[in-house]
Amino acid sequence: ESRSYSQVLSSIKAIGLIEAPVVMADGTNAGAWFLLDGHLRLEALKELGIAEVECLLASEDDTYTYNKRVNRIPPIQEHRMIARAMDRGVSSADIADALNLQVQSVLRRSRLLEGISPEAAEMLKDTPCSMKVFDILRQMTAVRQIEAADLMIGQNNFSVMFARALRAAT
């Protein structure tokens with residue numbers, strides 16, 4: 001019932017499985033496998049009636065935690081990917097279907113940097129700023145956006161509350 005699961009399910013429906021699940025052989029039970037990574041993908045595949053899937057094989061249990069290796073995409077990178085797809089002719093409805101989002105949400109993400117100075121956007125491109133932070137930055141001048149981005153990076157604080165405090169101090 002989670003949002004993550006519904007996104008995985010709709011992504012697999014729209015474009016197929018992108019990243020294979022990771023398994024490791026059970027040393028005590030021949031022919032049995034432990035699923036190390038890809039639980040949501042596996043459940044989505046089951047729901048879609050797919051009985052077999054190619055997997056990545058881990059040769060040994062080295063206490064590698066796959067979920068720690070998940071790379072969350074920053075909003076600016078997401079914006080650029082959506083904008084690039086739309087420039088190449090992919091409709092906002094198709095993107096919304098693949099990401100399990102509303103079309104309005106896709107359009108909002110595609111307009112994320114409108115009113116944001118290019119310098120501030122470049123500074124924040126790899127940070128976990130929420131979309132609401134960009135709404136607050138838009139209320140500042142370009143020079144203040146750059147100063148605010150520099151302060152957020154310096155403090156490693158990309159919260160909405162910090163952005164509001166910076167706006168109030170403007």
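In strand 3, Leu57 is the bridge partner of Val23. The model described here is predicted. Val23 also has a partner in strand 2, where the bridge is made with Leu35. The two pairings that involve strand 1 can be described in turn. Strand 1, which spans residues 22-25, pairs with strand 2 in the antiparallel sense, over 4 bridges. Strand 1 and strand 3 are paired in the parallel sense, and 3 bridges are found between them. In general terms, the strands of a sheet pair through backbone hydrogen bonds, and the sense is either parallel or antiparallel.

The sheet as a whole is open and consists of 3 strands in the order 2-1-3, with mixed pairing. Strand 2 (33-37) and strand 3 (56-58) are the edge strands, each of them pairing on one side only. On average, neighbouring strands of this sheet are turned by 40° against each other, direction ignored.

Helix 2 was examined next. The buried residues of helix 2 are Arg41, Ala44 and Leu45. Viewed down the axis of helix 2, these buried residues fall within an arc of 100°, and therefore they line one face of the helix. The packing partners of the buried residues of helix 2 are helix 1 (3-15) and strand 2. Strand 2, an edge strand of the sheet, is thus paired with strand 1 and packed against by the buried residues of helix 2. Just after helix 2, Gly49 adopts a positive phi of about 80°.

Arg41 lies in helix 2, which covers residues 39-47. The relative accessible area of Arg41 is 14%, and because the cut-off for a buried residue is under 20%, Arg41 counts as buried. The side chain of Arg41 reaches the backbone oxygen of Glu19 at a distance of 2.8 Å. Glu19 is also one of the residues that Arg41 touches; with residues up to four places away in sequence not counted, the others are Val8, Ile12, Leu17, Ala20 and Pro21.

Ala93 is found in helix 4, residues 92-99. Ala93 and Leu40 are separated by 53 residues in sequence, and their C-alpha atoms are 24 Å apart in space. With a relative accessible area of 35%, Ala93 is partly exposed.

Positive phi values also occur in residues other than glycine. Asn100 has a phi near 55°, which is positive although the residue is not glycine. Asn100 is placed in the loop between helix 4 and helix 5 (103-110). The relative accessibility of Asn100 is 33%, and on this basis Asn100 counts as partly exposed. Asn156 likewise has a positive phi, near 50°, in a residue other than glycine. The loop that holds Asn156 runs between helix 8 (142-155) and helix 9 (160-168). Asn156 is exposed, its relative accessible area being 61%.

Definitions and conventions: Residues numbered from 1 in each chain as written. Predicted model: local features only at pLDDT ≥ 70, side-chain atom pairs only at ≥ 80, totals over all residues. Heavy atoms only, no water. Buried < 20%, exposed > 50% of the residue type's maximum accessible area, 1.4 Å probe, protein only. Polar contact = N/O pair within 3.5 Å; in protein donor to acceptor, adjacent residues only side chain to side chain. Contact = heavy atoms within 4.5 Å. Pairing = 2+ DSSP bridges. Axes fitted to C-alpha atoms, helices over the stretch in contact; angles between N-to-C directions. Arc of directions from axis to C-beta.
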